[in-house]
Amino acid sequence: MSLSDVVLSIADNKQMLGLRYAEWATRAPSLEADIAAAAMGLDDLGHSRVLYGCLEPLGADPRGTDRESDPASLRALAYFDEPWSEWAQFVAANAILDTAFTAMIEACVNGSVEVLQHRLRKMLMEERYHFLHGRSWLKSGISQEPLDRAWVEAVEWFGPPDGEVAALHREGKLSMGPDELRARLEEQLDTKSPTVKIDWKKWDPIRRRSRPGAIDERTFGMLRGLEEKKFAPSSAAAKES
Amino acid sequence: MTQYKRVSGDAIEYNVFARKTRAEPLHQVGSVVAPDDDLAVAYARATYDEERWCEMAIVRKEHVIELWQPGEP
């Protein structure tokens, strides 16, 4: 486990968050919320591209060939496995998970690794608007279930007290460890996290989650470009083969 | 599917102002509707961010004091 693994985890999660946001670009509660969903989706997809681009300069790219065939090889949280069917799921992800990812990016920017200090700084400015959006919708009141789930997955994602995020914090590569990240998230959202009991023995340190499973087949196909190929003219398909 | 209405009853209208260079004055580029200032900021940025503005600001429409309107003597 290395800093590259953490960066890849942020990248995969931001990619999935961006896709799930974009799915709500015509279904949100107002026209403005539609546009915000689309804009935040584009932001997070862009952030994921920047983060993937940091893997090579970090000296180790943990992406294997299995990412082309096995959806469980992607490192996104279980929260993103299926498309969201309720606006409350969007808001919980926006307020809690997006802010958790931003806290980790802050830890990278304020850590000792130069490439992350420089390349990730702009994301923090853009994320300010995601945060305002999530926090404001949170105030409007949503159902508790997605909030509880998002909190559990955020705390799990920060990792165990003796895991590699804690080690990277001790080495100075990250400015915050799991406890500080959780405190930062609570401070941002002005609330205490619910009591979260995690069985770290069941926790997957690569995917940073406890739940088994993977993203749905259609989304995985879209990530690999298979969905687009369905609409390609037959001449293009013939050329490719 | 979503249980929320697509039009909120208690929304506030905000005017959005921006400029591309320091040399030009702020001018109105549009408006957004939101229940509070934070969401209005997020909506204004998401809706009008297609240009490279050097400054953007929002003002509650109710806070604008009009001296006269079109058609008035």
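## Contact between chain A and chain B

Two salt bridges are counted between chain A and chain B in this predicted model. One of the salt bridges joins the side chains of A:Asp43 and B:Arg45, with an N to O distance of 2.7 Å. Five residue pairs, both members at pLDDT 80 or more, are in polar contact across the interface of chain A and chain B.

On the side of chain A that touches chain B, helix H2 (31-58) and helix H5 (121-139) of chain A each supply at least two residues. H5(A) gives the largest share of that side, nine residues. By class, the side of chain A that touches chain B comprises 13 nonpolar, seven polar and eight charged residues.

In total, 28 residues from chain A and 18 residues from chain B take part in the contact. The area buried between the two chains is about 1,900 Å², and carbon and sulfur atoms give 54% of this area. Within chain A, the residues that lose the most area to chain B are A:Pro29, A:Glu32 and A:Tyr129, which together account for 28% of what that side buries.

A:Cys54 is in no disulfide, because the nearest cysteine sulfur, that of A:Cys108, lies 8.6 Å away, whereas a disulfide requires sulfur atoms within 2.5 Å.

| Residue | Relative accessible area | Class |
|---|---|---|
| A:Cys54 | 0% | buried |
| B:Cys54 | 44% | partly exposed |

Terms used:
Residues are numbered from 1 along each chain as its sequence is written. Chains are lettered from A and ligands numbered from 1 in the order in which they are written. This is a predicted model: local features need pLDDT of at least 70, side-chain atom pairs count only at pLDDT 80 or more; totals for chains, interfaces and linings use all residues. Side-chain values use heavy atoms; hydrogens and water are left out. Buried means under 20% relative accessible area, exposed over 50%, partly exposed in between (1.4 Å probe, protein chains only). Contact means heavy atoms within 4.5 Å. Buried area is the accessible area (1.4 Å probe) that two parts lose on being put together, summed over both. A salt bridge is a side-chain nitrogen of Lys or Arg within 4 Å of a carboxyl oxygen of Asp or Glu. A polar contact is a pair of N or O atoms within 3.5 Å; within protein, one must be able to donate a hydrogen and the other to accept it, and residues adjacent in sequence count only if both atoms are side-chain atoms. Helices (H or I, at least four residues) and strands (E, at least two) are DSSP runs, numbered from the N terminus. Ala, Val, Leu, Ile, Met, Phe, Trp, Tyr, Cys and Pro count as nonpolar, Asp, Glu, Lys and Arg as charged, and the others, Gly among them, as polar.
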